[in-house]
Amino acid sequence: MTDTTRTEAPTEATIHATVDALVQALSGADGDAMADCFAPDATMRTMQGEFRGRDAIRCLLRGLLVDATTITIEEQGVERRIDPPFGLFEGVEVFTMKDGTRYRLPYMAFGEFDADGGIIQWTRYSDRWLLVQQGAQQLTGPQGIIFRWFVGQVDTMLGKDLPAPARPPF
């Protein structure tokens, strides 16, 4: 029987280096460089589903980043809590799209890393509805009026309030 127990854990510095590379690639909206931070057989879980293997993760990231020109990360709260081989990450991604609209998306992610610092598992949590609300605030004309009305109706059903500002405060 083969022992599959991991004997080596990455160092805290190795995990920081991998996450720094991931953030740098995200800042450049570079899905290929982001995917290179993952181990070949990694698993990524997001609000879009579960993706297995670096190639599937690469396809997901390319698709998510196609309309973005810049993305910045504002780490907050615990920021990075690392206990090798695991890490917990929290922050806000700020997406600037090709049409000039901006979206702020708070996130929390949990990762597991191999001895070389490659990401083995990555699970990311965020609130999709927040993106819909921000999109409604940024639309203009009749389309914006209809979209804001729709969001208001859903918010009322969910017991939430639509943010007061006409545009997100950036």
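Phe-86 counts as partly exposed, because its relative accessibility is 35%; buried means under 20% relative accessible area, exposed over 50%, and partly exposed in between (1.4 Å probe, protein chains only). A word on the ground rules: this is a predicted model, where local features need pLDDT of at least 70 and side-chain atom pairs count only at pLDDT 80 or more, while totals for chains, interfaces and linings use all residues. Residues are numbered from 1 along each chain as its sequence is written, and side-chain values use heavy atoms, leaving out hydrogens and water.

Back to the rings. There are three aromatic pairs in the structure; rings of Phe, Tyr and Trp (its six-membered ring) pair if their centres lie within 6.5 Å, and planes under 30 degrees apart count as stacked, over 60 as edge-to-face and the rest as tilted. Phe-86 and Phe-110 make a stacked pair, because their ring centres are 5.7 Å apart and their planes sit at 20°. This pair links distant parts of the chain, 24 residues apart: Phe-86 belongs to strand β4 (residues 86-97) and Phe-110 to strand β5 (residues 102-113). Phe-110 is partly exposed, at a relative accessible area of 37%.

Now take Phe-89 and Trp-122, whose ring centres are 5.3 Å apart with planes at 25°, so this pair is stacked too. Here β4 supplies Phe-89 and strand β6 supplies Trp-122, 33 residues apart. Phe-89 is buried, with a relative accessible area of 2%, and Trp-122 counts as buried at 6%.

Follow β6 (residues 119-126) and you get to strand β1 (residues 38-46): the two pair in the parallel sense over four bridges, with Phe-38 opposite Ile-119. Helices (H or I, at least four residues) and strands (E, at least two) are DSSP runs, numbered from the N terminus, and two strands pair if DSSP finds at least two bridges between them. β1 also pairs with strand β2 (residues 49-52), antiparallel this time, over four bridges. Thr-43 stands opposite Arg-52 there, and a two-residue hairpin joins β1 to β2.

That leaves helix α1. Which of its residues are buried? They are Ile-15, Thr-18, Val-19, Leu-22, Ala-25 and Leu-26. An α-helix has 3.6 residues a turn, so residues three or four places apart point the same way. On the other side of α1, Ala-13 and Gln-24 are exposed. After α1 comes Ala-29, with a positive phi near 50°.
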